[in-house]
Amino acid sequence: MCPWISLLLQGILERLSAGEVVIGDGGFVFALEKRGYVKAGPWTPEATVTHPEAGAQIVGVNCHFDPMTCVKAVKMMKEGVEKAGLKAHYMVQPLAYHTPDCNCQGFIDLPEFPFGLEPRILTRWDMHKYAREAYKAGIRFIGGCCGFEPYHIRAVAEELASERGIIPPGSEKHGMWGSGLEMHTKPWVRARARRDYWEQLMPASGRPKCPSLSTPEGWGVTKGHADLLQHKEATSTQEMKHVLEMQKKVKTSA
Ligand SMILES: [Zn+2]
């Protein structure tokens, strides 16, 4: 684990045991790539993923799926832990992308991964729903992974402001539930300065030729398979040929 993450997590058990709702810090690797600090490719060693293990004091999931899918997964884990007569704190750090069409490997199988995912990004209003759902599920470490931006984390913190007894400092920069629009010059936009407008919004993608769902890649290989080893060198022409042939085979057998 990165030293600075260890530092951040110091005292986390005490804080959770005291009943605090802890909000995670948001996307790590994806944000670094967009800002030019990390090169896409050898991400695995640079990403920090905490695996829940037997007897863990904090149990939860990180990355690969959208918030509602991850909350559902943690609910199932919680049921299992409680059924075994054990106690734990629960955490969730999902993607900020909608992934209803993903199979068991999550967003990595999507044709849009990793550089065409933007149309799937959750709005701040989706984040309010996620935060509430996670809180209702008994999760008290509520954060985000790939795709999360600061305004997403702010929305999570704002949704849980009364439970946490803190209005996040970033809230000074905007009006809650679009209240800043009260001063807008267009009256139809002014009419959007209310919570129920944003809660009920069904945002369009604006891409008439795009499907609402994609077909994920289904190579049937996972961790440990020879084709999934981290390479020391860039993909050779020979390897690329092999990969494209495999892809063709997978597509024709689908
Ligand atoms: Zn992630």
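Which strands and which helix do the buried residues of H4 pack against? They pack against strand E2 (58-62), strand E3 (89-93) and helix H5 (124-136). The model is predicted; local features need pLDDT of at least 70, side-chain atom pairs count only at pLDDT 80 or more, and totals for chains, interfaces and linings use all residues. Residues are numbered from 1 along each chain as its sequence is written.

The protein chain holds 10 helices and 4 strands. Both are DSSP runs numbered from the N terminus: helices are H or I with at least four residues, strands E with at least two. Along the sequence the pattern reads α-α-β-α-β-α-β-α-β-α-α-α-α-α. Of the 254 residues, 24% count as buried. A residue is buried if 20 or more other C-beta atoms lie within 10 Å of its own, exposed if 12 or fewer, and partly exposed in between; C-beta atoms are placed from the backbone. Two residues are in contact if their C-beta atoms, so placed, lie within 7 Å. Among contacts between residues at least 6 apart in sequence, 69% join residues at least 24 apart.

Helix H4 covers residues 67-83. At 1.5 Å a residue, its 17 residues should span 24 Å, and its end C-alpha atoms are 24 Å apart, which agrees. The expected span is 1.5 Å times one less than the number of residues. Pro67, Cys70, Val71 and Val74 are buried in H4. They cover an arc of only 100° around the axis, which puts them on the same side of H4. The arc is that of the directions from the helix axis to the C-beta atoms. The face turned away from this buried side carries the exposed residues Met76, Glu79, Gly80 and Lys83. Just after H4, glycine 85 takes a positive phi of about 75°.

The UniProt annotation "binding site", from an unreviewed entry, covers Cys63, Cys145 and Cys146. Such annotations may be inferred rather than shown by experiment. The three span 84 residues in sequence, yet no two of their C-alpha atoms are more than 6.5 Å apart, so they gather at one spot. Cysteine 63 is found in the loop between E2 and H4. It counts as buried because it has 21 C-beta neighbours inside 10 Å. Cysteine 146 lies in the loop between strand E4 (141-142) and helix H6 (150-159). With 25 such neighbours inside 10 Å, cysteine 146 is also buried.

Valine 250 lies in helix H10 (residues 237-253). It has 14 C-beta neighbours inside 10 Å and therefore counts as partly exposed. Not counting residues up to four places away in sequence, valine 250 touches Glu217, Gly218 and Trp219. The C-alpha atoms of valine 250 and glycine 218 are separated by 6.8 Å, although the two residues are 32 apart along the chain.
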